[in-house]
Amino acid sequence: MIDIRSDTVTKPSKEMLEVIVNSEVGDDEYKEDPTVNELEEFAADLLGFESGLFVSSGLMGNQISLLNHTNPGEEVITTEDSHIKNYEHGAASFLSRIQFRNVSHNDGDLDLDDIVSQISKSSYYKPKISMVAIENTHLASGGTIIPFENIKKLSEFTKSNNLKLHVDGARVWHAILEENTKANYGKYCDSLTFCFSKGLGAPIGSMLLGSKDFITNSREYRKKIGGGMRQVGIIASAAKYALENRSNIIADHKMAKEVFTEIKIMENKIDCIESVTYKGTNMILLNFDTLRNSDKFLKFLANNEIKAGYLREKVIRFVFHKDITSDNKEKVIKTLQSFS
Ligand SMILES: Cc1ncc(COP(=O)(O)O)c(C=O)c1O
């Protein structure tokens, strides 16, 4: 089966398993796991932050950031379709007791004028807005990159308005490697979390980054919500291996682009597909006219040993990752060509 439902479905390679077996470990609650310590330092240095904290998931990184940056009853500006708001099991209202305020955006890139207008509408009878959360790459639009220059502009604005800026960078390496810039996020953002278990291809774990104080507080929050860890060098080593080999992600982008190009050629022959989008990273979105047709299409793929899935109703996504070989890619293209 070729599994292109998500970039979370990858399996550890032999090399990664070897690294895991040879990990040095210690008790991380005493800060004595050398592999975790190295990983946290390595990640913080790469993105220009003071400190890092290894957490079990992207969700945990996002939610600890909210706990740090907000007080109950306050508001966080984000996009209406963001992960932190929609796909975290209501954790923000459960843990931080905040609410979200939507602003207009273009593929995850927030409209500064709209933020200004939302803030100027703030009043004594409206909640205080304390934080802005962006997502790079932006999942709901198909993995779009928010240009780093725009993040800098947003940061100028948040700093001058006393707002915290958090980046849900579950797939931030896709953006950084594709833009090919020195992404000094630490200089511009208050916190960032990225996932090792998505395109980077490790089995588990995310990194939360911020100032020294932010990470000290985050360590407490992690413990409070049951995320304390012990000899987790065995997973931190896999995460470190994945991060050291991050440039492999570019091959996924290339593959997605090739498949997209082929789909564009055959698009007119497949009536039920209304449009196909590719935003320059590892995902392709196929927008169908009806749910019946998108269901039928998924079944057709499954009958041909290809597992794809929905991003949302009528929108099927193909996600490319390290376990998709060039032969797999050819098979996907051939299968699509045979659809009628
Ligand atoms: C954009 C984004 N943020 C956060 C997460 C949460 O990551 P995790 O599944 O590790 O909790 C995901 C997961 O798919 C995601 O796509």
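Predicted model: local features only at pLDDT ≥ 70, side-chain atom pairs only at ≥ 80, totals over all residues.

Visitor: How is the shell around the ligand divided by class?

Guide: It has six polar, four nonpolar and two charged residues. Gly counts as polar and Cys as nonpolar, so Gly58 and Cys195 are assigned accordingly.

Visitor: Why is strand S9 called mostly covered?

Guide: A residue is buried if 20 or more other C-beta atoms lie within 10 Å of its own. In S9, residues 191–195, five of five residues are buried, and the strand is therefore described as mostly covered. Ser191, Thr193 and Cys195 are buried on one side, and Leu192 and Phe194 on the other.

Visitor: How do you know that S9 pairs with S8 and with S10?

Guide: Pairing requires at least two bridges. S8, residues 164–168, and S9 share three bridges in the parallel sense, so they pair. S9 and S10, residues 206–210, are joined by five bridges and run antiparallel, so they pair as well.

Visitor: What makes the largest nonpolar core a core, and which residues have the most contacts inside it?

Guide: Its members are buried residues of listed nonpolar types, joined through C-beta atoms within 7 Å. This core has 67 residues, and those with the most contacts inside it are Leu47, Phe54, Leu192, Leu209, Ala238 and Ala239. Leaving aside residues up to four places away in sequence, Ala239 touches Leu39, Phe196, Ala202 and Gly205. A second, separate core has 23 residues, among them Val259, Ile273, Met283 and Val319.

Visitor: Why is the span of helix H10 called close to the expected one?

Guide: The expected span is 1.5 Å times one less than the number of residues. H10, residues 212–224, has 13 residues, so 18 Å is expected; its first and last C-alpha atoms are 19 Å apart, which is close to that value. Its buried residues are Phe214, Ile215, Ser218, Arg219, Tyr221 and Arg222, and their cover includes S2 (51–55), H3, S9 and S10. Just after H10, Gly226 takes a positive phi of about 80 degrees.

How values were computed:
Residues numbered from 1 in each chain as written. Near = placed C-beta within 6 Å. Buried ≥ 20, exposed ≤ 12 C-beta atoms within 10 Å, placed from the backbone. Helix = DSSP H or I, 4+ residues; strand = E, 2+ residues; numbered from the N terminus. Contact = placed C-beta atoms within 7 Å.
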